[in-house]
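User: I'd like to go through a model feature by feature. Can you give me the general idea each time, then the case at hand?

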Amino acid sequence: QVQLVESGGGLVQAGGSLRLSCAASGRTFSRYAMGWFRQAPGKEREFVAAISRSGGNTYYADTVKGRFTISRDNAKNTVSLQMNSLKPGDTAVYYCAADTRSTVVGPNSVLTWMYESWGQGTQVTVSS
């Protein structure tokens, strides 16, 4: 399994921006579709965004579409989540995850069981 480590979380005011990064170990990063999820206190983990192995195909939750952008750099074994126009409702622990089965991303990417490996998470707090 690939090892994942997230970074870039923090405290930001509403309307601000943050960029999360997820570093993956191993030489097979390009074989994984990648996803970002988040979990707020007392809530279920929810899907945020996903990107295909090559980066040519992305999929977003409606709640973040137009504000968040997922990208990846297979040469550096990293996947990023650029978050703009942040809202207090975006406050959560953000997790990246790796999916070895999907060749494209889409509606099935929202399913947590599609992902074999998870990072430890990074806290994002948006103040009003």
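This is a predicted model: local features need pLDDT of at least 70, side-chain atom pairs count only at pLDDT 80 or more; totals for chains, interfaces and linings use all residues.

User: Fine. How many disulfides are there, and how is one called?

Analyst: A disulfide is a covalent bond between the sulfur atoms of two cysteines. The cut-off here is a pair of cysteine sulfur atoms within 2.5 Å. That gives one disulfide: cysteine 22 with cysteine 96, the sulfur atoms 2.0 Å apart. The chain positions are 74 residues apart, with cysteine 22 in strand β3 (residues 18-24) and cysteine 96 in strand β9 (residues 92-99). Strands, by the way, are DSSP runs of E with at least two residues, numbered from the N terminus.

User: What is the handedness of the disulfide? And are the two cysteines buried or exposed?

Analyst: The torsion about the S-S bond is about 50°, so the disulfide is right-handed. Cysteine 22 and cysteine 96 are both buried. For that word, the limit is under 20% relative accessible area; exposed is over 50%, and partly exposed lies in between (1.4 Å probe, protein chains only).

User: On to the sheet. In what order do the four strands come?

Analyst: Strands of a sheet pair through backbone hydrogen bonds, either parallel or antiparallel. To count as paired, two strands need at least two DSSP bridges between them. In this open sheet the order is β1-β3-β8-β7, with antiparallel pairing. At the edges sit β1 (4-7) and β7 (68-73), each pairing on one side only. From one strand to the next, the twist averages 15°, an angle between N-to-C directions of axes fitted to C-alpha atoms, on a scale from 0 to 180 degrees.

User: How many bridges join β7 to β8?

Analyst: Six, linking β7 to strand β8 (residues 78-83). Within β8, leucine 81 is the residue that isoleucine 70 stands opposite.

User: Now the charges. How many salt bridges does the structure hold?

Analyst: Five. The test is a side-chain nitrogen of Lys or Arg within 4 Å of a carboxyl oxygen of Asp or Glu. One of them pairs glutamate 46 with arginine 38, closest N and O atoms 2.6 Å apart. Glutamate 46 is partly exposed at 34% relative accessibility, whereas arginine 38 is buried at 5%. Another joins aspartate 62 to lysine 65 at 3.1 Å, and aspartate 62 is exposed at 67%.

User: Which residue does glutamate 116 bridge to?

Analyst: Arginine 101, with the closest N and O atoms 3.2 Å apart. Both lie in the loop between β9 and β10 (117-118), so the pair ties together parts that are 15 residues apart in sequence. Glutamate 116 is partly exposed at 26%, and arginine 101 is partly exposed at 47%. Elsewhere, shared partners link Arg38, Glu46, Arg67 and Asp90 into one salt-bridge network.

User: Last one: what does the side chain of aspartate 99 reach?

Analyst: Aspartate 99, in strand β9, is buried yet has no salt bridge; arginine 101, the nearest side chain of opposite charge, is 4.4 Å away. Charge is assigned simply: Lys and Arg positive, Asp and Glu negative, His and the chain ends not counted. The aspartate 99 side chain does reach the backbone nitrogen of arginine 101 at 2.8 Å, and a 2.5 Å polar contact joins the side chains of aspartate 99 and serine 102. A polar contact is a pair of N or O atoms within 3.5 Å; within protein, one must be able to donate a hydrogen and the other to accept it, and residues adjacent in sequence count only if both atoms are side-chain atoms.

Conventions
Residues are numbered from 1 along each chain as its sequence is written. Side-chain values use heavy atoms; hydrogens and water are left out.
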